[in-house]
Amino acid sequence: MLYGDAGWEKSWKSFEDSGNIGITHVTNPALFKEIDKALSEQTNATLLDIGAGSNSLALSFLYEKKGRTQLVDTWISVEGSKELIRESKKNIEEHDTDEKISLIPHHVEAANPLPLEDHSIDIALSRHMLMHLSTIDLHAHMKDLRRVLKSNGVYIAAILNPEYEQWKRAQAGEVVLINDQQYEYSFLPKEAPGNHTFIQHFKDRSTLEKIFSESFTIKKITECFPVSDEFKKTHARYYMKDTPMTLVYVLQPLP
Ligand SMILES: C[S@@+](CC[C@H](N)C(=O)[O-])C[C@H]1O[C@@H](n2cnc3c(N)ncnc32)[C@H](O)[C@@H]1O
């Protein structure tokens, strides 16, 4: 089924319904703006999405606006969870009508560099993924991304603001330790298959930025808030003036 064909909207809606307000109204507006900007500076771009999950970033970005797929040569999605790889494949078959997306099952960790050539990627992306990497893995990941990116490439990383996460979990009565304390939070029980991809290793902003700066120049940081007041009553937590939910980093590889 092609974008805009009869029945497309229904099929799309079922896909969009699996998203959530934080993603669509807080993170995506700033993230999509940066991806559009980076695409306007490239031709036939190769994109790479790390920890792509069910591929909702690729599909919503590429097919939300007509003409975007034409700017993209290939969108490579990397994902470590077997379940999400299955879901991702299904979503690609159903929605990637221009056949732009390819999927690489891969677990990001220090000893496991991406199976990609040096300087082969124009735009790297990750959305709410980096907090899943331990300090050692994050150091190695940034180094590996610097390797795979072209010298004029860019890494656009949307990351949950650690201060927002700390605040949110404190509301639920949890004490969240970060950095040296190596706080780990898992959505799944330790013994559950694939649980490792869901563990979160919180680091504060200055620690994150120090690690980024070993391999990248931080060109821009956007603190993300909802784009309208529509959810002010139902989701007041997204509107806290000094505590944005998401930070979008635009990173340029060091030479
Ligand atoms: C919060 S989800 C975000 C998914 C997707 N980026 C999105 O925004 O819809 C984090 C994703 O990162 C993946 N992930 C976490 N750690 C990973 C690792 N070390 N290697 C590969 N994928 C990983 C998880 O399986 C999950 O799909």
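# A chat about the sheet, its edges and its core

Colleague: Let's start with I104: how exposed is it, and why?

Modeller: In this predicted model, I104 counts as partly exposed because 15 other C-beta atoms lie within 10 Å, a number that falls between the 12 or fewer of an exposed residue and the 20 or more of a buried one.

Colleague: Which element does I104 lie in?

Modeller: I104 belongs to strand 3, which covers residues 101–105.

Colleague: And what is I104 in contact with, leaving aside its neighbours in sequence?

Modeller: Once the neighbours within four places in sequence are set aside, I104 is in contact with I76, V78 and P115. V78 is 26 residues away from I104 along the chain, and yet the C-alpha atoms of the two are separated by 4.8 Å.

Colleague: How do strand 2 and strand 3 run, parallel or antiparallel?

Modeller: Strand 2, residues 72–79, runs parallel to strand 3, and five bridges join the two. As an example of who faces whom, E79 stands opposite P105 in strand 3. Helix 4, residues 82–95, packs on the sheet here and touches both strand 2 and strand 3, with a direction that makes about 170° with that of strand 3.

Colleague: Let's zoom out. In what order do the strands of the open sheet come?

Modeller: The open sheet is formed by seven strands in the order 3-2-1-4-5-9-8, and the pairing is mixed. Strand 3 and strand 8 stand at the edges with a single partner strand each, so each of them has one side left without a neighbour in the sheet. From one strand to the next, the twist averages 20°.

Colleague: What holds paired strands together in general?

Modeller: Strands of a sheet pair through backbone hydrogen bonds, and they can do this in a parallel or an antiparallel way.

Colleague: Is strand 4 mostly covered or mostly open, and how many of its residues are buried?

Modeller: Strand 4, residues 121–127, is mostly covered, with seven of its seven residues buried. It pairs in the parallel sense with strand 1, residues 45–50, over four bridges, and in that pairing I50 stands opposite S126. Strand 4 also pairs in the parallel sense with strand 5, residues 149–160, over six bridges, where R127 has A158 as its bridge partner.

Colleague: How does the chain get from strand 4 to strand 5?

Modeller: The chain passes through helix 5, residues 135–148, on its way from strand 4 to strand 5, and this β-α-β crossover is right-handed. Helix 5 packs on the sheet and touches strand 4, strand 5, strand 8 and strand 9, while its direction makes about 145° with that of strand 5.

Colleague: At what angle does helix 5 pack with helix 7?

Modeller: Helix 5 and helix 7, the latter being residues 205–215, pack at an angle of about 35°, and their axes are 8 Å apart. The crossing is right-handed. On the helix 5 side the contact is made by L138, H139, M142, K143 and R146, and on the helix 7 side by I211, F212, E214 and S215.

Colleague: Back to the sheet: why is strand 9 largely enclosed?

Modeller: Strand 9, residues 246–253, has six of its eight residues buried, so the rest of the structure largely encloses it. Strand 9 runs antiparallel to strand 5, with six bridges joining them, and A157 stands opposite Y249 there. On its pairing with strand 8, residues 216–224, strand 9 is again antiparallel, this time over eight bridges, and C224 has T246 as its bridge partner.

Colleague: Which residues touch the most other members of the largest nonpolar core?

Modeller: That core has 56 residues, and I123, A124, Y155 and I156 are the ones that touch the most other members. Strand 5 supplies the largest share of this core, namely eight residues. Beyond residues up to four places away in sequence, I156 touches L31, E34, I35, A38, I123, L125, V248 and V250.

Colleague: What about helix 3, which of its residues are buried?

Modeller: In helix 3 the buried residues are S56, L57, A58, L59, F61, L62 and Y63. Helix 3 spans residues 56–64, and because seven of its nine residues are buried, it is largely enclosed by the rest of the structure.

Colleague: Last one: how many helices and strands does the protein have?

Modeller: The secondary structure comes to seven helices and nine strands, and buried residues make up 36% of the 255 residues in the protein.

Key. Residues are numbered from 1 along each chain as its sequence is written. This is a predicted model: local features need pLDDT of at least 70, side-chain atom pairs count only at pLDDT 80 or more; totals for chains, interfaces and linings use all residues. Two residues are in contact if their C-beta atoms, placed from the backbone, lie within 7 Å. Two strands pair if DSSP finds at least two bridges between them. A crossover is right-handed if, with the strands pointing away from the viewer, the path from the first strand over the helix to the second runs clockwise. A nonpolar core is a set of buried Ala, Val, Leu, Ile, Met, Phe, Trp, Tyr and Cys residues joined through C-beta atoms within 7 Å. Axes are lines fitted to C-alpha atoms, for helices over the stretch in contact, and angles run from 0 to 180 degrees between N-to-C directions. A crossing is left-handed if the near helix is turned anticlockwise from the far one by less than a right angle, and right-handed if clockwise.
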